[in-house]
Amino acid sequence: MVRCEKFASRRGNFNSDPVVRRNERRPCPRYIGLPRRSKNEPIDHRAYDGRIRFVILDRIGIVDRINNRRSWSQMRTLTGRGSDGAEKNKGYISHRQCTFQRDDELMSERANNNCATVAMIRHIYVHIPFCARICPYCAFYKDLLDRSETARFCEAILRDLDQQCAAFAIMPRSIYFGGGTPTALSTPQVEFLLGGFGQRLDLSALEEWTVEANPGSVSARKAASLRKLGVNRISLGVQSWDEDLLKLLGREHNAPQAEKSFQILRGAGFSNINVDLMFGLPGQTIEQWRVTLQKTIALQPEHISAYCLTYEEDTEFFLRQSRGEFRQDADIDAEFFETTMSILEDAGYEHYEISNYAHPGFSSRHNRAYWSGDDYLGIGPSAFSTVGMRRWQNLADYRAYADQVLSGQSPIGSRENLTKEMKRAERISLSLRTCEGVPAGLLTDRSKAIEEFIGLELLRQSNGHFMLTQKGKSLADSVAEALV
Ligand SMILES: C[S@@+](CC[C@H](N)C(=O)[O-])C[C@H]1O[C@@H](n2cnc3c(N)ncnc32)[C@H](O)[C@@H]1O
Ligand code: SF4
């Protein structure tokens, strides 16, 4: 059965007024962050996820969204402070016998990660929440850039990293600076922050260090600094090459600026650049999308992420959709999706995950780690961490986050204990969307459903994995639902 999950997790706490008058308001977490009302209130994981990515479609409706940065399972909840997490984890022993004692909660969180069972941490996500402008469709945790706050914030990030280094063995293979807009920081701040990572971490095993950039905040000097500090991959938020659509999206850049930024990054020596694009935008035609894809291909980025617009709650776009000003049409979105696959694959990009396409050898190491269910640490406000069977999320308020960290307190806002079943469900949902597919071992009790999907030519089997066929990609959620 196909179920429209997209709206199932919506909440009714949308306050339209401040959103409508976007330019008059100073964004605050209530409207643009994670709309949790109290620390102890269970969190709908998907509704709260800032890093939601796209969409799989079927002919009935948009039926799924994917989290690019963090995995999810079905309608799970995070439990806030005061949950019985510590009780449930009594059996664990301390991993480093409390090398730092400042904060009981942080320590109990980290002490629960038994040294004997927790492997080396290989992946780090860092959230930089500042944006020069707030886009009307965006529900990621972010805030308007306030230059008087950024220096303190950068210090807090490094202090958070110190805490993580004291609690975990870390030797990263991938680091991902996302946001918000990491490049909204000034060049000296970027140098302070990234230099601090270089000083604190053993980077000898680092394969990929990505920084998200907005075309409005890329300069030759900043690009050169990033490259010099060891960043080897940039994810550039172009979204569209169409001027009208860029305006509709409230972007701070225009098309020539985006192209210039791309060339600046190339000139600085970046040989691995991702371009973020969005489709299914209000009024966007398939022809406009084709032109955007062709223009992108002409620049030859190594990686392209193509996301279907999601109308996220607490955004101006959501309000406009609720009012009937914008409409989402699943059939048209399906056409966009099929057009994307066809054009990008013809141009030599491998469709290695539902929203992601890369030249051979350029798939994102960091994102692949999420999709494979690897452990990762999140640093910064709103960032999630998953280590073993524990998951936690930092406060989604950068001032509160910095206050906590700089005063030696835990920045954790909520946490949950994962079960084997939750992990398995996540693993299936996420790996199904990748070209590797789901290891057959995870699906031994789903043989009837698998048989059906193979009969319907939605799934195929290869090398001990089940993967979506081209036809199946457009129905991935229905398939996932039957398999988890
Ligand atoms: C957090 S943004 C970071 C990049 C940078 N802040 C920028 O906007 O250029 C990551 C990407 O998420 C995508 N995105 C943001 N909101 C979205 C939404 N509501 N639906 C689909 N994709 C979205 C955009 O493609 C964006 O580039
Ligand atoms: S610049 Fe990026 S993170 Fe900031 S509001 Fe726009 S889409 Fe969201």
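Ile175 touches Ile124, Val126, Phe197, Leu206 and Trp209, leaving aside residues up to four places away in sequence; two residues are in contact if their C-beta atoms, placed from the backbone, lie within 7 Å. This is a predicted model, in which local features need pLDDT of at least 70 and side-chain atom pairs count only at pLDDT 80 or more, while totals for chains, interfaces and linings use all residues. Residues are numbered from 1 along each chain as its sequence is written, and chains are lettered from A and ligands numbered from 1 in the order in which they are written.

**Nonpolar cores**

- The largest nonpolar core has 90 residues, and those that touch the most other members are Val126, Ile157, Ile175, Leu236, Leu265 and Phe279.
- Helix α6 (residues 147-167) gives the most to this core, with six residues.
- A second, separate core of 18 residues includes Ile354, Ile428, Phe453 and Val479.
- A nonpolar core is a set of buried Ala, Val, Leu, Ile, Met, Phe, Trp, Tyr and Cys residues joined through C-beta atoms within 7 Å.
- A residue is buried if 20 or more other C-beta atoms lie within 10 Å of its own, exposed if 12 or fewer, and partly exposed in between, with C-beta atoms placed from the backbone.
- In soluble globular proteins, nonpolar side chains tend to be buried together.

**The chain as a whole**

- The chain holds 19 helices and 21 strands; helices (H or I, at least four residues) and strands (E, at least two) are DSSP runs, numbered from the N terminus.
- Of the 484 residues in the chain, 50% are buried.
- Among contacts with a separation of 6 or more, 73% link residues 24 or more positions apart.

**A three-stranded sheet**

- Three strands form an open sheet in the order β19-β21-β20, with antiparallel pairing; two strands pair if DSSP finds at least two bridges between them.
- The edge strands, β19 (438-439) and β20 (459-462), each pair on one side only.
- Strand β21 (residues 465-468) runs antiparallel to β20 and is joined to β20 by four bridges.
- Gln461 stands opposite Phe466 in β21.

**Surroundings of the ligands**

- Ligand 1 is surrounded by 15 residues, of which the closest are Asn214, Gly237, Asp276, Tyr307 and Thr310; a residue is near a molecule if its C-beta atom, placed from the backbone, lies within 6 Å of it.
- Strands β10 (233-239) and β11 (273-279) each supply at least two residues of the shell around ligand 1.
- The residues that surround ligand 2 include Cys131, Cys135, Cys138, Asn214 and Gly237.
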